[in-house]
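Reader: I am new to this one and would like to learn how to read it. Could you show me the chain, and then take me through its features step by step?

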Amino acid sequence: MGVFDGAGYFKGNAAPVAELALAAIKEQPPINVPRRLVSGTELVGYDDLPEQIGSGEPMTLDLWWQGGQEIPAKSRLALLLGPNIIQSESTLPTGYPGQTYHIRPKWRIPADLAPGSYPLAFQLVDADGDNIWAEPVPVGQSAVESRDRLFELPPSLDPLQIHLGDIAILQQALATVNDDQVQVAVTWQANQPDGQNYTTFIHLVDAAGNIVAQVDRSPVEPTGLWLSEQVINDLFQLPLSASGRYKVAIGLYDATSGRRLPVFSADGLPSADAVSYTHLTLP
């Protein structure tokens, strides 16, 4: 089909819309750690190890190995961080004997891991978590840094005790008008976090039930990093709407599926999938 500009002139059969910068495929590094692993499988290279790792954060690493035989189905690459054994979040490709694999596994560092320097090693495990390699393969050392966390609510706070699934408790939500914005201060307390990242939504709803302003984003500290009983303070800003009386609603949802976490009041009664907690009059 032909392409025409805003004045109606024919510009050809295609129109440029953007420029895209592409990085070259990462090449295999020098064979710096030839090490026979199992049945002829050999680890032939890996990317530089991170000098520092944050507790509760993901760690990824580029690896290359050559298979002596087919890797067992549903195998995972475990990261040994000192005495801690952390399985990769995805399974490994089975491939074919003699094939060179380039993979980028991801591990989630435990959020409650004590800070310090840890030796790193790899261990191939099967679907049941049992070792396939007879011995772990040491690859170096990295330092784990802890994150500053708060575990006590302010003494002056009158907690709302509104539960969102098993994940979080909404303890405070205060809406104020500041210049041309509505500011919503939220205090979460982690209940039984499941390691997944959820998105917070804040809605400004008019008397007819229409959403006139909203913000959707991850909490200031992602829920995947929360520890049980941790207190998280966050501040959201919405554009100021026309004069009138509004409700402010808040909730959490899974951005992948769109599923909202169910809401339960302080006495355990189910509510809607958003918390309409206050009325706000805008001048």
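This is a predicted model: local features need pLDDT of at least 70, side-chain atom pairs count only at pLDDT 80 or more; totals for chains, interfaces and linings use all residues.

Reader: How many aromatic pairs does the count come to?

Author: Residues are numbered from 1 along each chain as its sequence is written, and side-chain values use heavy atoms, with hydrogens and water left out. Now the general idea: a pair of aromatic rings is described by the distance of the centres and the angle of the planes. Rings of Phe, Tyr and Trp (its six-membered ring) pair if their centres lie within 6.5 Å; planes under 30 degrees apart count as stacked, over 60 as edge-to-face and the rest as tilted. By this rule the count is 3 aromatic pairs.

Reader: Why is the pair of Trp-107 and Phe-122 stacked?

Author: The ring centres of Trp-107 and Phe-122 are 5.9 Å apart and the planes stand at 15 degrees, so this pair is stacked. It links distant parts of the chain, with Trp-107 in strand E11 (residues 106–108) and Phe-122 in strand E12 (residues 116–125), 15 residues apart. Strands here are DSSP runs (E, at least two residues), as helices are (H or I, at least four residues), and both are numbered from the N terminus.

Reader: Is Trp-107 buried or exposed?

Author: Buried means under 20% relative accessible area, exposed over 50%, and partly exposed in between (1.4 Å probe, protein chains only). Trp-107 has a relative accessible area of 0%, so it is buried. Phe-122 is buried too, at 1%.

Reader: Which aromatic pair is tilted?

Author: Phe-201 and Tyr-253 form a tilted pair, with 6.1 Å from centre to centre and 40 degrees between the planes. Phe-201 belongs to strand E17 (residues 199–205) and Tyr-253 to strand E20 (residues 244–253), so the pair ties together parts 52 residues apart in sequence. Phe-201 is buried at 1% relative accessible area, and Tyr-253 counts as buried at 17%.

Reader: What lies over the face of Phe-201?

Author: Here the rule concerns a charge and a ring: a charge sits over a ring if NZ of Lys or CZ of Arg is within 6 Å of the ring centre and within 35 degrees of the ring normal. Arg-260 lies over the face of Phe-201, 4.2 Å from the ring centre. Elsewhere, the charged end of Arg-217 sits over the ring of Phe-236, at 4.0 Å from its centre.

Reader: How many helices and strands does the chain have?

Author: There are 0 helices and 22 strands. Of the 283 residues in the chain, 39% are buried.

Reader: What is the strand order in the open sheet with mixed pairing?

Author: In general, strands of a sheet pair through backbone hydrogen bonds, either parallel or antiparallel. Two strands count as paired if DSSP finds at least two bridges between them. In this open sheet, 5 strands follow the order E5-E13-E12-E8-E9, with mixed pairing. Strand E5 (52–54) and strand E9 (84–87) stand at the edges with a single partner strand each, so one side of each has no neighbour in the sheet.

Reader: In which sense do E5 and E13 pair?

Author: E5 and E13 are parallel, over 3 bridges. Ile-53 has Val-144 in E13 as its bridge partner, and Gly-54 has Glu-145. E12 and E13, in turn, pair in the antiparallel sense over 7 bridges, and Leu-120 is partnered there with Gly-140 in E13.

Reader: Which strands form the open sheet with antiparallel pairing?

Author: That sheet has 5 strands in the order E19-E16-E15-E14-E21. Its edge strands, E19 and strand E21 (263–264), each pair on one side only. E14 and strand E15 (residues 168–178) run antiparallel and are joined by 3 bridges, with Leu-164 opposite Ala-168 in E15.

Reader: Where is Gln-161 found?

Author: Gln-161 is in the loop between strand E13 (137–145) and strand E14 (162–164). Its phi is near 60 degrees, a positive value in a residue other than glycine, and Gln-161 is partly exposed at 30% relative accessible area. Glu-229 also has a positive phi, near 75 degrees. Glu-229 lies in the loop between strand E18 (211–217) and strand E19 (231–239) and counts as exposed at 51% relative accessibility.
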